[in-house]
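This briefing goes through a set of structural features, grouped by topic. Please have the sequence and the structure open while reading.

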Amino acid sequence: MIAVVDMGIGNLQSVLEAFRRVGAATFVTSSAEEVTRAEAVVLPGVGAFGDGMESLREKGLVEPLRRHAADGRPLFGICLGMQLLAEESEEHGRHAGLGILPGRVVRLAPTSRTCRVPNMGWCDVHPVPRPDGKLFARVPHGEAFYFAHSYHVSGARPEHVAAMIEYDGGTLAAALEHDNIFGIQFHPEKSQDAGLEVVAAFIDAVRTLPVRA
Amino acid sequence: MVRPRLIPCLLLKHGLLVRSQEFRTHQVIGNPINTIMRLSNWSVDELILLDISREDVHDLRRDDLAVADIGATAVEVLRSISRVCFMPLTFGGRIRTVEDMRLRLEAGADKCAINTRALDEPSFVAEASRRFGAQCVVVSIDVKRHLDGRCEVFAEGGRRATGRDPVAWAREVEALGAGEIFLNSIDRDGGARGYKLDLVRAVSDATTIPLIACGGVGKYEHFAPGVREGRASAVAAANIFHFFELSYPMAKKACLEAGLPMRAVKVNSPYFPREPSYSDEQKQRSLWRLEVREVDEEKYSGKGRGKVRWCTSCVYPSISAAPLDFDENGVCTGCQVSGTKHWLTREEWERRTDLLRDLLEKYRCRDGSRYDCVIPVSGGKDSYFQTHVIKNVLGLNPLLVTYNGNNYLDVGWRNVHRMKEVFGVDHVFYSPSVDLLKKLNRLGFVIMGDMNWHAHVGITTLPVRVAAQFKVPLLIWGEHGYLDLSGQFSMDDFPEMSYRDRLEHFARAYEWNYMVGFEGIRSQDMIVYKYPGDQELYDLDLRGLYIGNYVYWEANEHTKMVMETYGFEGNTEPFDRTYRTMSNLDDMHENGLHDYLKYVKFGYGRATDHVCKDIRAGLMTRDEGVALVRKYDHVKPRDMARWSRYVGMSEAEFDRIADTFRDPRVWRREHGQWVKDNIWD
């Protein structure tokens, strides 16, 4: 079964509903023991980075999540959950992240007035072509997904960037993917058919990834 | 680059969605679940739901629907909604504390809209932003323009002036940490004149957070200037999305055609199909009434029961099958709106008829390949009038379509079959298998207390199916029943038929597939009740107009005319349950047993409906009306015997099951008898 981590902030129901609609069984937990045993873990979340890390620390989930990732078991960070995978964030001060993937979380700072912060709404997502890419295997190039964020992951390794959006004349990482580690900045549970195809692709990945002992 | 968003905004008032006019008049649209499910079919960019209730009390006000209990508080209602809301959701209204906000986010909102609370205590915006992140905090700003041109921000749903300037206030909330601004124009609300673009532009230019414009959209072409000239990040509207088939995809199409880089139009989500699905358990549970042997005395003890009230102008009760609301003088929306209809001038009716003429020209067939339009007819006086106007006044070539529910009175039967002769038109007269009809009569009665479910769904489905199959893009209906009866619309809304209206109001949210599996009914037996798919409707741009919005509708005059000109026969025998004689000759149960069940459920019947219309038309006083209500509403009609024989159910069993439908908001038990408050008490 797939564990969905409850960090005590924000709404889990729509994330659970998304998994239900693609036919995947999930359970909600904030227990270190259950996370340790889970086949795959989903780290959803909205809210501030510092609060998110604090919540994981309080529940004793930081080490179990790192171990889970290091064991090669699938880990899926959504929105804030993706940012928590990075090394650190500058949101309201400086906070260390899980450090599972290289990268820093920095504030969106557009120079153009047409780009607004938060970046709120539907952006076309451009998957980076790669032979082993899993998350975007089921959606056409340029499909729009729903974003609601003021911070983003910067400085990720190019080979980890699974998809990008255009923003303020440049690009931003919209998704990260490295072996068993997956992260998306957008909200798949709010991105309708395209979002559910990404959730379904994660489920496909869970079923096909080799299990390391 | 983020795409501009197109956002429906729904208003929730005490459990029901309402239409709003200048923030004052609230006409009941219906159950939020049905509307939001429909929006979920269409890949809607985002949804704003504003709770404009005066107190935290929510009630759908009737129990005989597939979706009847959605919760009694805003948070409970939101939780029910979030199960079917497949798009980003902003919830606003009555948010006072951080805890209020937390509860709403937890119940399924993605963002919260704050208005009055922010004005009273601006630091609340900062607190909410710190706690939940700026992307969760939408500040809603309601603006009214004074006669001297000055704009002012109002609090409490437009009721309290604040002295604040909208641009300065927008800047301030941005600095406090708001993530988005929802800008609404009070004086444009419900007016259908377009956005107040200079205001939108001024606020947008003064801030760097996203801005949603709202207020004033009356046609799809009004959206694009909000982004183009107003520079809004998103454009929203409320009323327009209620009244047209595929309203959202069609509005999107208009925006795309105007060059806005919005997301593409999408219908038919594979993950969110239009037809509801029902579990076998839910279906089996709905037969519980068959097993009931005793009255549930506790349920009808009268405890915790609200008081039924009646319109102070007509005789409509507050607990009713037709949705309505009351103003501060206790006058129902039916009276408020039917008033506006009678005030329309001759010139206005001429303008409306010209609008109809233009529409018909647009849909007229040029190459002889199809009919110009479909007219659904029962063979009643209204059918004759519609066909008279369309064929003989406006010169179109219609196809008449009739659903035969096997309940015709003899005179109704003669009338319907005379139409093809006296009008010289083609007529599809469609008769489902009588065996199926008997089953659907029984099931409709036992499941929802309405043996005529099949007729309501058949009449609103079959003609649309026939139109789609013949590739005819236009249907001409008579009058929208709820305009006249409960004032659901404004005369400027020009509502058209829609799948949502059909499923929610005619089918009571019981779609055809609900019946599959009962009494051996299979999917292929229900073909007549299957509505054309969204893609088919979209490709054909299939529309169903109500002629009553365009042509002055005066039942008494029209009846006289169709009798004299076309040999329409009136009924010679009086009905048991109403003093009128001319309606529903196509279905003996519609004015009879079906209507008696309305009395059993809600405590009133057809005589009340007719009295309300006649009081509004100035044909009788309220006291005269009350006397008729007292005489007719409770009468058990003679068609009981036919129905009992027809479906094989004894009258005793009928009574026992019917009693389980009594609404505890209306009925109570006293000394083993059914008792209710009465308008004449």
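Which residue in E11(A) does A:Val106 stand opposite? The residue opposite A:Val106 is A:His152 in E11(A). This is a predicted model, in which local features need pLDDT of at least 70, side-chain atom pairs count only at pLDDT 80 or more, and totals for chains, interfaces and linings use all residues. Residues are numbered from 1 along each chain as its sequence is written, while chains are lettered from A and ligands numbered from 1 in the order in which they are written. Helices (H or I, at least four residues) and strands (E, at least two) are DSSP runs, numbered from the N terminus. Strands pair if DSSP finds at least two bridges between them.

**Sheets of chain A**

- Four strands of chain A, in the order E6-E5-E7-E11, form an open sheet with mixed pairing.
- Strand E6 (95–96) and strand E11 (151–154) are the edges of this sheet; each has a single partner strand, so one side of each lacks a neighbour in the sheet.
- Strand E7 (residues 104–107) of chain A runs antiparallel to E11(A), and four bridges join them.
- Another open sheet of chain A has eight strands in the order E2-E1-E3-E4-E14-E13-E12-E9, again with mixed pairing.
- Its edges are strand E2 (26–29) and strand E9 (126–127), each with a single partner strand, so one side of each has no neighbour in the sheet.
- Strands E13 (residues 170–178) and E14 (residues 181–184) of chain A pair in the antiparallel sense over four bridges, and A:Leu176 stands opposite A:Gly183 in E14(A).

**Helices of chain A**

- Helix H4 (residues 62–70) of chain A lies across strand E3 (40–43), strand E4 (75–78) and E14 of chain A, at about 125 degrees to E4(A).
- Axes are lines fitted to C-alpha atoms, for helices over the stretch in contact, and angles run from 0 to 180 degrees between N-to-C directions.
- A:Glu17 is part of helix H1 (residues 13–21) of chain A.

**Contact between chains A and B**

- Chain B gives 30 residues to the contact and chain A gives 26 residues, where contact means C-beta atoms, placed from the backbone, within 7 Å.
- On the side of chain B that touches chain A, strand E1 (2–3) and helix H3 (98–106) of chain B each supply at least two residues.
- That side of chain B has 14 nonpolar, nine polar and seven charged residues. Ala, Val, Leu, Ile, Met, Phe, Trp, Tyr, Cys and Pro count as nonpolar, Asp, Glu, Lys and Arg as charged, and the others, Gly among them, as polar.
- Strand E8 (residues 119–124) of chain A pairs with E1(B) in the antiparallel sense over two bridges, and B:Val2 is the bridge partner of A:Cys123.

**Domains of chain B**

- Chain B is divided into domain 1 (5–257) and domain 2 (274–646 + 653–681), with bounds from an automatic or database domain assignment.
- The contact takes 31 residues from domain 1 of chain B and 36 residues from domain 2 of chain B.
- E4(B) gives the most to the side of domain 1 of chain B that touches domain 2 of chain B, with six residues.

Note on methods. Two residues are in contact if their C-beta atoms, placed from the backbone, lie within 7 Å.
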